[in-house]
Amino acid sequence: MQVSYYPGCTLEGTAVDYAASIAAVAPLLEVELIELEDWNCCGASAAHSINHTLALELPVRNVLIAWEAGRDLVVPCALCFNRLKVAEKALAGPEGRKWGPPPPRPLKIWDLLDYFSQPALLQTLKDKVVRPLTGLRAVCYYGCLAARPPKVTDKEDYEDPQNMEAILQVLGAEPVDWSFKTDCCGAGLTVARPDLIEALVQRLYDRALAAEAECFVVSCQMCQANLDLPQRRIAKKTGRPYYLPVLYFTELMGLALGHPDVSNWLGKHLTDPRPLLQSKNLL
Amino acid sequence: METSHTEIGGEALKPGFALAARLREAHLAVDACYQCKKCSSGCPLTFAMDLLPDQVIRLALLGQEDLVLRATTPWVCSSCETCTTRCPNGIDIAGVMDWLKEEALRRGYAVPQEQVSRFHQSFLEAVRLGGGRLSEPLLLGLYSIKSGKTLEKLKSGELKEEILLGWELARRGRLRLRPPKRLKGAPEIARMFQAAQERP
Ligand code: SF4
Ligand code: SF4
């Protein structure tokens, strides 16, 4: 199955672990990710916060390239996904024609998690699990922008999504139910207001622990960075010994499918997930 | 007429219609707000705000430009879209927050959260300089220069934390100093930035 792929800027930079795990598991699911030719930055929070023109022009260029390529487009970053969907809506709206005619065949923009949790791919995944993740208790954390607002994302289960849990179940792990899977972690303010995100993130740690989870599983590199990078700092400030590794769902897929590079990806995290996985005899 | 005035902080305010009209033009109409406060109830950042999201909407509807353009609220809003998702009247509250940030900058209002505005400006500058893709080290460099808080950060220990974090990332191969790939569309993207700057 061929599909266009928009990695986004962070997957070329700080999120190399996410990028590598995606590149490794896609072929195992018989998915060929074809990187979008000459893609550019989606503009992210910066553009939509202070420059509404760039907030559209930048992602519109990418959607036009995707139309030209003629394949559905898969996006791993929730923020990029959101901005590309905004651009898609603008192209379909009253002012859309200024960018040219619509595509002959409408194509779909997917966020990676939705794409990988299509029923057929879940079945493939199930057939290929060689190392079930037995006993791994995880909360699934979806964050904000892959789902909200639904009039942009076209999602139905935006308050209580279930597809990451579905993947974990197929992998043999134990997804733990909790009520905070779409609460905001404040990623956009990480650099400018670390004090604010510490409050939001600590709340998520405490809620995950209250649900007796041992780790977070995420599908967005902004959420990953925001929960992982400040963990030691927050532990030090609060005097609470938080140890909650933050894993990409694609890393867990790689682990359950027996991919040899898993340990490399995990070694890029600041809160090292390997001791947890070793204690469960999963690594 | 005294009775038609709204009171906030003990001051009598005269309602006006211009702001609501401009928001309507920007497809961000606030007229239908009936003050149910659902937006504020679900907002994760109210603890850092001076006006609650529902108050921002109400004040915008009443034309209180000065109050909403000076507010901290839009700058600490994380754009999580919970409010916009849940508003029973389809008001795009998060969109209004963005509009207010851009308008406050454009009109030269003193930004109450300069760190945030400088971060956004540095981000766009880094994408422009990078020819269309973001280099994270360039962003962080530009932001540190722009924010100019080096001495304060040094004293509070924040700088040490930042350098340590940078080192932790670099030694894991996650901070790559090379510039982003040169895009074929670089001239087109440069024109986008140019046009976006020249617009009124
Ligand atoms: S949720 Fe909508 S209608 Fe209710 S107070 Fe907020 S903006 Fe007004
Ligand atoms: S988008 Fe902003 S105002 Fe709305 S709920 Fe999120 S943080 Fe609050």
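The lining of the second largest pocket is made up of 14 nonpolar, 10 polar and 15 charged residues. The model is a predicted one.

**Second largest pocket**

- The volume of the second largest pocket is about 1,400 Å³.
- Its lining counts 39 residues, and those closest to the centre are His52(A), Leu56(A), Ala26(B), His27(B) and Leu28(B).
- Two or more lining residues come from each of α3 (52-69), α4 (78-92) and α7 (150-153) in chain A, and from each of α1 (18-25) and α7 (93-106) in chain B.
- The element that gives the most to this lining is α7(B), with six residues.
- His27(B), one of the residues closest to the pocket centre, is placed in the loop between α1 and α2 (38-42) of chain B.
- His27(B) is not a glycine, yet its phi is positive, at about 60 degrees.
- His27(B) has a relative accessibility of 64% and therefore counts as exposed, since the class begins over 50%.

**Cavities**

- The structure has five cavities of 30 Å³ or more.
- The largest cavity has a volume of about 200 Å³.
- This largest cavity has 20 lining residues, and nearest its centre lie Cys144(A), Leu145(A), Ala187(A), Gly188(A) and Met222(A).
- In chain A, α4 and α10 (221-228) each contribute at least two residues to the lining of the largest cavity.
- The lining of the largest cavity consists of 14 nonpolar and six polar residues, with no charged residues.

**Ligand shells**

- Ligand 1 is surrounded by 13 residues, the closest being Cys33(B), Cys36(B), Lys37(B), Cys39(B) and Cys87(B).
- The shell of ligand 1 holds eight nonpolar, two polar and three charged residues.
- With 39% relative accessibility, Lys37(B) is partly exposed.
- The residues around ligand 2 include the cysteines Cys43(B), Cys77(B), Cys80(B) and Cys83(B).
- Also around ligand 2 are Pro44(B), Met49(B), Pro53(B), Ser78(B), Ser79(B), Glu81(B), Thr82(B) and Ala94(B).
- By class, the ligand 2 shell comprises eight nonpolar residues, three polar residues and one charged residue.

**Aromatic pairs and cluster**

- Over all chains there are 12 aromatic pairs.
- One of them joins Tyr115(A) and Phe116(A), with 6.4 Å between the ring centres and 50 degrees between the planes, and this pair is tilted.
- Tyr115(A) is buried at 4% relative accessible area, and Phe116(A) is buried at 0% relative accessibility.
- Tyr141(A) and Trp178(A) have ring centres 6.3 Å apart and planes at 55 degrees, so this pair is tilted as well.
- Tyr141(A) belongs to strand β5 (residues 137-141) and Trp178(A) to the loop between β6 (174-175) and α9 (194-210), so their pair ties together parts of chain A that are 37 residues apart in sequence.
- Tyr141(A) is buried, at 0% relative accessible area, and Trp178(A) is buried at 7% relative accessibility.
- Tyr141(A) and Trp178(A) belong to one aromatic cluster that also holds Phe180(A), Tyr205(A), Phe216(A) and Tyr242(A).

**Lysines over rings**

- Lys98(A) is positioned over the face of Trp99(A), 4.7 Å from the ring centre.
- Lys108(A) has its charged end over the ring of Trp110(A), at 4.0 Å from the centre.

**A cis peptide bond in chain A**

- The peptide bond between Arg148(A) and Pro149(A) is cis, with omega of about -15 degrees.
- Pro149(A) sits in the loop between β5 and α7 of chain A.

**Chain B as a whole**

- Chain B has 12 helices and two strands.
- Read from the N terminus, its order of elements is β-β-α-α-α-α-α-α-α-α-α-α-α-α.
- Along the principal axes, the C-alpha atoms of chain B fill a box of roughly 65 × 45 × 30 Å.
- Of the 200 residues in chain B, 47% are buried.

Definitions and conventions
Residues numbered from 1 in each chain as written. Chains lettered and ligands numbered in written order. Predicted model: local features only at pLDDT ≥ 70, side-chain atom pairs only at ≥ 80, totals over all residues. Heavy atoms only, no water. Near = heavy atom within 4 Å. Nonpolar A, V, L, I, M, F, W, Y, C, P; charged D, E, K, R; others polar. Phe/Tyr/Trp six-rings, centres within 6.5 Å; stacked < 30°, edge-to-face > 60°. Buried < 20%, exposed > 50% of the residue type's maximum accessible area, 1.4 Å probe, protein only. Helix = DSSP H or I, 4+ residues; strand = E, 2+ residues; numbered from the N terminus. Lys NZ or Arg CZ within 6 Å of the ring centre and 35° of its normal. 1 Å grid on protein atoms, 1.4 Å probe; cavity = no way out; pocket = protein on both sides within 12 Å on 5 of 7 lines; lining within 4 Å. Points joined across faces, edges and corners; volume = space filled by probe spheres on them.
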